[in-house]
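Hi,

Here is the structure I promised to pass on. Have a look, and my notes come after it.

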Amino acid sequence: MAILSDLGTEILVPACAIVGIVFSVVQWILVSRVKLSPERHSLSNSSKNGTAEYLIEEEEGLNDHSVVHKCAEIQNAISEGATSFLYTEYQYVGIFMVAFAILIFVFLGSVEGFSTKSQPCSYNKGEMCKPALANAIFSTISFLLGGLTSLLSGFLGMKIATYANARTTLEARKGVGKAFITAFRSGAVMGFLLAANGLLVLYIAINLFKIYYGDDWEGLFEAITGYGLGGSSIALFGRVGGGIYTKAADVGADLVGKVERGIPEDDPRNPAVIADNVGDNVGDIAGMGADLFGSYAESSCAALVVSSISSFGINHDMTAMFYPLIISSIGILVCLITTLFATDFFEIKAVKEIEPALKKQLIISTILMTAGIAFVSWIALPSSFTIFNFGSQKVVKNWQLFLCVGAGLWAGLIIGFVTEYYTSNTYSPVQDVADSCRTGAATNVIFGLALGYKSVIIPIFAIAVSIFVSFSFAAMYGIAVAALGMLSTIATGLAIDAYGPISDNAGGIAEMAGMSHRIRERTDALDAAGNTTAAIGKV
């Protein structure tokens with residue numbers, strides 16, 4: 001039997017989700033302390049004439065009222081554009097969700113053998129409800145829940161990103177470290193909201209469905225799979241639709257500005273700059289959030305389904321079946337501690353420290369998560385159990401399942417660092433691509449394409465090894481929890497991902513507001529580091 005009781009599980013999972021939500025709110029409050037209004041900074045009240053002395057840095061524009069107001073105006077324009085895009089997109093998404101929900105209900109309702117258990121009808125005692133109809137209803141509800149949670153997570157992520165971009169610009173006047181903390185905290189708001197909301201809604205849905213299903217865990221988890229499908233459906237619109245808009249706006253801004261008019265990027269004379277900055281938020285923030293939420297929800301639901309047809313389901317061992325949710329819960333706590341290393345424990349004083357600080361986030365979270373998985377596997381799983389393995393039962397030890405999750409976790413880190421090697425300007429691949437430009441655009445495109453093909457070799461082997469190890473130890477359940485292991489530190493990954501577009505917007509605002517070149521250099525340094533680490537986080 002597991003050390004952790006069912007009651008402990010029922011407390012642990014929602015408690016960790018709530019902690020994640022509270023932490024994201026705290027980070028938002030800290031970001032909101034940066035005011036979009038001119039402020040005078042008092043240094044001393046001890047001057048001879050009794051008047052205060054004030055810090056004035058003309059080059060940085062700390063007290064330039066017009067610059068601060070301009071930053072606020074630009075931020076409002078970006079926020080308005082991003083909100084309008086998402087509202088329009090969500091209108092089409094809403095039509096799709098309703099139509100697809102009807103199809104799910106109709107098709108699943110016509111499959112009589114879909115459910116494993118029938119229940120008495122509450123509206124007509126003595127009759128039995130059709131199992132297929134009941135499961136169709138619950139599957140449709142879980143599908144809509146997944147879609148709405150994904151929409152909410154993406155929308156909130158976009159709002160905090162547009163709320164923080166100008167604040168990051170203003171903090172850049174005080175130094176690169178201050179700007180980094182503001183941008184990263186803003187990204188953390190999205191990361192923790194998405195991870196915590198996804199976990200909490202899934203947990204609540206399971207407990208509500210359990211009122212009907214009782215101990216029929218197999219039927220319950222079959223119905224709950226719609227939650228992952230709903231999240232993935234939204235990702236189709238958010239990631240693809242938002243991504244296409246992002247690239248179209250970016251290329252359009254470059255064509256009309258750099259190519260036709262010969263003006264710098266983000267120059268206020270280019271009317272397409274606002275659209276470019278809007279695209280960063282709706283594609284790389286809201287779209288990326290929906291995409292990763294879909295993967296997160298699908299992995300959790302898949303692991304729950306497989307666990308229900310193991311000895312956990314037969315013995316009604318709720319704690320062991322909730323092992324995937326417990327992993328995600330511990331992941332939120334691990335990411336919380338990891339975030340403090342970037343925002344509170346260490347201070348960035350130079351540009352060269354930005355990228356290492358972001359890389360350390362991935363390393364620290366992976367190391368801490370490994371220890372967390374080991375602890376969870378010890379307290380939540382029995383020493384040995386059986387799982388379904390293509391018609392037979394396979395005996396699995398709890399340490400073997402720990403290795404499955406760990407294999408996915410560390411494979412993700414390896415893939416991330418390989419990606420960094422091929423995308424960072426500090427290593428030879430990117431430098432070679434830049435050198436290839438000397439002989440024209442054709443060689444540049446060919447060289448870049450060849451490098452892209454080359455970059456996937458090691459990631460493919462890492463995934464293959466992870467699948468082989470996981471399947472050898474725990475069959476399909478091992479593969480399911482390995483995928484969950486890759487996503488267990490999703491809050492940190494999303495924080496790093498969202499940090500990049502926020503920094504990019506901050507640079508654009510600095511340029512459009514006419515701030516000094518020194519400010520733009522700082523925001524460009526933040527953006528450059530974000531581009532590399534964002535590629536790591538996306539894997």
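This is a predicted model: local features need pLDDT of at least 70, side-chain atom pairs count only at pLDDT 80 or more; totals for chains, interfaces and linings use all residues.

Residues are numbered from 1 along each chain as its sequence is written, and side-chain values use heavy atoms, with hydrogens and water left out.

The protein has 17 helices and four strands (DSSP runs, H or I of at least four residues for helices, E of at least two for strands, numbered from the N terminus). Of its 539 residues, 54% are buried (under 20% relative accessible area, 1.4 Å probe, protein chains only).

Now the rings: there are 23 aromatic pairs (Phe, Tyr or the six-membered ring of Trp, centres within 6.5 Å; planes under 30 degrees apart are stacked, over 60 edge-to-face, the rest tilted). F138 and Y212 make a tilted one, 5.1 Å centre to centre with 35° between the planes. It links F138 in helix α3 (residues 131-171) to Y212 in helix α4 (residues 176-213), 74 residues apart, and both are buried.

Y227 and F293 pair edge-to-face, at 5.9 Å and 70°. Y227 is in helix α6 (residues 226-261) and F293 in helix α7 (residues 273-308), so this pair ties together parts 66 residues apart in sequence. Y227 and F293 are both buried.

Ring pairs also join F96, F100, F143 and F237 into a cluster.

Cheers

How values were computed
Buried means under 20% relative accessible area, exposed over 50%, partly exposed in between (1.4 Å probe, protein chains only).
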